[in-house]
Amino acid sequence: MAYPWYSYLSLLILIASSSMVANGSNFYNDFDITWGDGRGKMINNGQLLTLSLDKASGSGFQSKNEYLFGKIDMQLKLVPGNSAGTVTAYYLSSQGPTHDEIDYEFLGNLTGEPYILHTNVFSQGKGNREQQFYLWFDPTADFHTYSILWNPQRIVFSVDGTPIREFKNAESVGVAYPKNQAMRIYSSLWNADDWATQGGRVKTDWSHAPFTASYRNFNADASCIWSSGKSSCSSNNKNNGGGSKSWINEALDATSQARMKWVQKNYMIYNYCTDTKRFPQGFPPECAMNKNS
Ligand SMILES: *[C@@H]1O[C@H](CO)[C@@H](O)[C@H](O)[C@H]1NC(C)=O
């Protein structure tokens with residue numbers, strides 16, 4: 001039977017487009033909007049999630065699952081224009097007073113002025129490990145990928161595949177490391193004009209509200225996933241350390257280290273590990289291990 005060539009072509013296009021839909025992340029499967037009274041939305045069949053903030057409220061979402069170690073990517077497009085006073089937080093956290101946490105926070109600014117990307121790591125309830133950066137692009141013009149690699153040896157923050165910060169396991173020098181508590185993914189858009197922009201000097205201009213941040217292409221490769229109190233860990237999973245390329249033992253190669261050094265040299269604006277005023281008695285012990293020189 002001879003069908004004209006274009007009927008095969010349209011069949012191919014149909015197959016290609018349906019597999020794209022199947023492979024794309026779907027926020028309905030992995031996340032719940034948890035607050036904001038309709039200000040958080042999953043749209044385009046779950047391909048896109050948006051959070052918004054107005055004078056009455058912000059909004060937020062969280063993952064259905066909890067993760068214990070993983071490589072987690074999310075694309076974010078931040079509040080454009082005059083975003084002064086707004087904070088978009090995107091982080092992993094466990095529960096309770098001795099919780100672990102891995103934080104990205106994006107502090108908005110006046111139109112044309114740079115966002116600050118604020119990062120922190122908590123272990124056993126202790127944080128105070130801030131590092132802050134400017135970005136080498138406008139994070140409001142397009143989506144960019146913000147990743148967290150969390151394995152037993154290290155936590156690496158990466159932006160579009162470029163590592164910006166490494167927090168190494170420093171248990172050998174007495175520093176607790178996040179490794180026993182599963183964490184959920186959280187994000188929220190809220191107002192913090194008492195401190196966020198230029199130290200609280202620039203207030204939010206509510207005439208620009210609602211402010212909106214967008215999310216897409218979530219991906220998590222995790223060895224153990226907790227769902228309603230039950231863990232499922234798969235040992236022959238491609239995501240669970242099988243094979244030489246696995247993330248469970250991933251370290252930064254020479255190229256990645258050089259790129260991280262470039263970011264830290266040119267875009268890092270605060271590092272607790274060099275803040276002598278704050279640590280007159282000497283820097284926290286993990287600082288020596290994380291020196292990137
Ligand atoms: C906002 O812009 C000012 C001026 O360029 C800069 O000092 C500040 O770090 C920027 N970011 C924030 C969040 O204040």
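**Exercise 1. Aromatic pairs**

Find how many aromatic pairs the whole structure holds, and classify the pair Phe31 and Phe61.

*Solution.* Step 1: this is a predicted model, and a search of all of it gives 20 aromatic pairs.

Step 1: for Phe31 and Phe61, the ring centres are 5.2 Å apart and the planes stand at 90 degrees, so the pair is edge-to-face. The cut-off used here is that planes over 60 degrees apart count as edge-to-face.

Step 2: Phe31 belongs to strand S1 (residues 31–35) and Phe61 to strand S4 (residues 59–68), so the pair ties together parts that are 30 residues apart in sequence. Phe31 and Phe61 are both buried.

Step 3: look for a cluster. Phe31 and Phe61 belong to one aromatic cluster together with Phe27, Tyr215 and Phe218.

**Exercise 2. Strand S7**

Decide why strand S7 (residues 101–107) is described as largely enclosed, and find its partner strands.

*Solution.* Step 1: count the buried residues. Seven of the seven residues of S7 are buried, so the strand is largely enclosed by the rest of the structure.

Step 1: sort the residues by direction. In a regular strand, side chains alternate between the two faces of the sheet. In S7, Glu101, Asp103, Glu105 and Leu107 point one way, while Ile102, Tyr104 and Phe106 point the other way.

Step 2: find the neighbours. Strand S6 (residues 86–93) pairs with S7 in the antiparallel sense over seven bridges; in S7, Asp103 is the bridge partner of Tyr91. Strand S8 (residues 116–122) also pairs with S7 in the antiparallel sense, over seven bridges; in S8, Ile116 is the bridge partner of Leu107.

**Exercise 3. The largest pocket**

State the volume of the largest pocket and describe its lining.

*Solution.* Step 1: the largest pocket holds about 280 Å³ of space.

Step 1: it is lined by 15 residues, and Lys71, Ser158, Gly161, Glu250 and Leu252 are the closest to its centre.

Step 2: assign the lining to elements. Strands S5 (70–77), S10 (144–150) and S11 (154–159) and helix H3 (254–267) each give two or more residues. S10 gives the most, with three residues.

Step 3: sort the lining by class. It has six nonpolar, four polar and five charged residues.

Conventions:
Residues are numbered from 1 along each chain as its sequence is written. This is a predicted model: local features need pLDDT of at least 70, side-chain atom pairs count only at pLDDT 80 or more; totals for chains, interfaces and linings use all residues. Side-chain values use heavy atoms; hydrogens and water are left out. Buried means under 20% relative accessible area, exposed over 50%, partly exposed in between (1.4 Å probe, protein chains only). Helices (H or I, at least four residues) and strands (E, at least two) are DSSP runs, numbered from the N terminus. Two strands pair if DSSP finds at least two bridges between them. Rings of Phe, Tyr and Trp (its six-membered ring) pair if their centres lie within 6.5 Å; planes under 30 degrees apart count as stacked, over 60 as edge-to-face and the rest as tilted. On a 1 Å grid over the protein atoms alone, a cavity is a set of points where a 1.4 Å probe fits but cannot get out, and a pocket is an open set with protein on both sides within 12 Å along at least five of seven lines; lining residues have an atom within 4 Å of a point. Grid points are joined across faces, edges and corners, and a volume is the space filled by probe spheres set on the points. Ala, Val, Leu, Ile, Met, Phe, Trp, Tyr, Cys and Pro count as nonpolar, Asp, Glu, Lys and Arg as charged, and the others, Gly among them, as polar.
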